[in-house]
Amino acid sequence: MQLLEGQTLREWIGPAPPRTSQRFQELLTLAIQILDALDAAHQKGIIHRDIKPANIFVTKGGEAKVLDFGVAKFLADSETTPESAAPHETGELRHFTMTVTGSSMGTPSYLSPEQIRGERLDARTDLFSFGLVLYEMATGQRAFAGNTAPIIREAVLNQPVVPVRQLNAELPQDLERVINKALEKDRDRRYQSAQALRNDLARLRQGPRVWWRNRTPLYSAAAVLPGAENVVAGRLFAQESF
């Protein structure tokens with residue numbers, strides 16, 4: 001097996017959301033790499049079904065690795081499974097970062113709505129779970145939390161998430177829109193492929209990195225476009241770009 005040195009994404013996230021432009025760029029870089037891995041798996045007809053921070057590793061070189069395909073399935077074999085069967089119905093306290101084995105696959109806090117409903121799965125289930133991971137990377141908090149699996153399941157199925165920028169106002173609105181689309185409960189309204197989600201994050205990373213809110217500009221817009229100070233400054237103020 002490949003020797004990996006570094007930390008899990010859970011450890012990378014830590015207790016606080018990103019507060020610097022460098023940290024935010026690391027977030028985007030890792031997210032894009034994770035989506036590249038998911039896209040490669042999906043292209044081979046494989047869905048992971050247990051995407052969560054503990055199953056993603058960040059090497060010392062800053063490379064993201066998606067691990068633990070223990071409950072993965074080929075798309076052609078992804079029959080309807082009782083994701084919300086007995087282990088989720090007991091109401092007992094559990095460690096909700098652990099994968100539940102047997103009749104219930106995946107980790108409760110990172111299941112997609114269709115997993116909970118026991119529907120036939122496709123690649124979009126991984127994209128919802130990744131959206132939950134991205135939400136956590138951006139805010140330092142889980143999108144859906146609770147003391148029992150039924151509480152978490154109810155939240156995933158019926159409750160909206162707290163807006164990303166309410167928890168971390170320094171994030172750009174475009175990232176919030178990307179996360180919201182990834183977390184659409186109706187999978188037909190969600191991102192339809194890892195590549196589409198990756199492309200939106202790549203465009204966000206390549207955007208005008210001018211302001212990190214409440215901090216010094218990374219570069220002067222007027223220096224880039226001499227004579228257009230008023231137009232550029234007004235545009236940047238309106239967009240609240242990072």
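Analyst: Here is a walk along helix 2, its ends and its partner. This is a predicted model, where local features need pLDDT of at least 70, side-chain atom pairs count only at pLDDT 80 or more, and totals for chains, interfaces and linings use all residues. Residues are numbered from 1 along each chain as its sequence is written, and side-chain values use heavy atoms, with hydrogens and water left out.

Start with length. Helix 2 covers residues 21–43, which is 23 residues. Helices here are DSSP runs of H or I, at least four residues long, numbered from the N terminus. The expected span is 1.5 Å times one less than the number of residues. That gives 33 Å for helix 2, and its end C-alpha atoms are 33 Å apart, so the two agree.

Now the ends. The charged end of arginine 23 sits over the ring of tryptophan 12, 3.7 Å from the ring centre. "Over" has cut-offs: NZ of Lys or CZ of Arg within 6 Å of the ring centre and within 35 degrees of the ring normal. Just after helix 2, glycine 45 has a positive phi of about 80°.

Next, the partner. Helix 5 (residues 124–139) packs against helix 2 at an angle of about 170°, with the axes 11 Å apart. Axes are lines fitted to C-alpha atoms over the stretch in contact, and angles run from 0 to 180 degrees between N-to-C directions. Helix 2 is therefore roughly antiparallel to helix 5, a term for angles over 145 degrees.

Which residues meet? From helix 2 come Leu27, Leu30, Ala31, Ile34, Leu35, Leu38 and His42. From helix 5 come Asp126, Leu127, Phe130, Leu134, Met137 and Ala138. Contact means heavy atoms within 4.5 Å. By class, this contact holds 11 nonpolar, one polar and one charged residues. Ala, Val, Leu, Ile, Met, Phe, Trp, Tyr, Cys and Pro count as nonpolar, Asp, Glu, Lys and Arg as charged, and the others as polar.

Conventions:
Helices (H or I, at least four residues) and strands (E, at least two) are DSSP runs, numbered from the N terminus. Angles under 35 degrees count as roughly parallel, over 145 as roughly antiparallel, 65 to 115 as roughly perpendicular and the rest as oblique.
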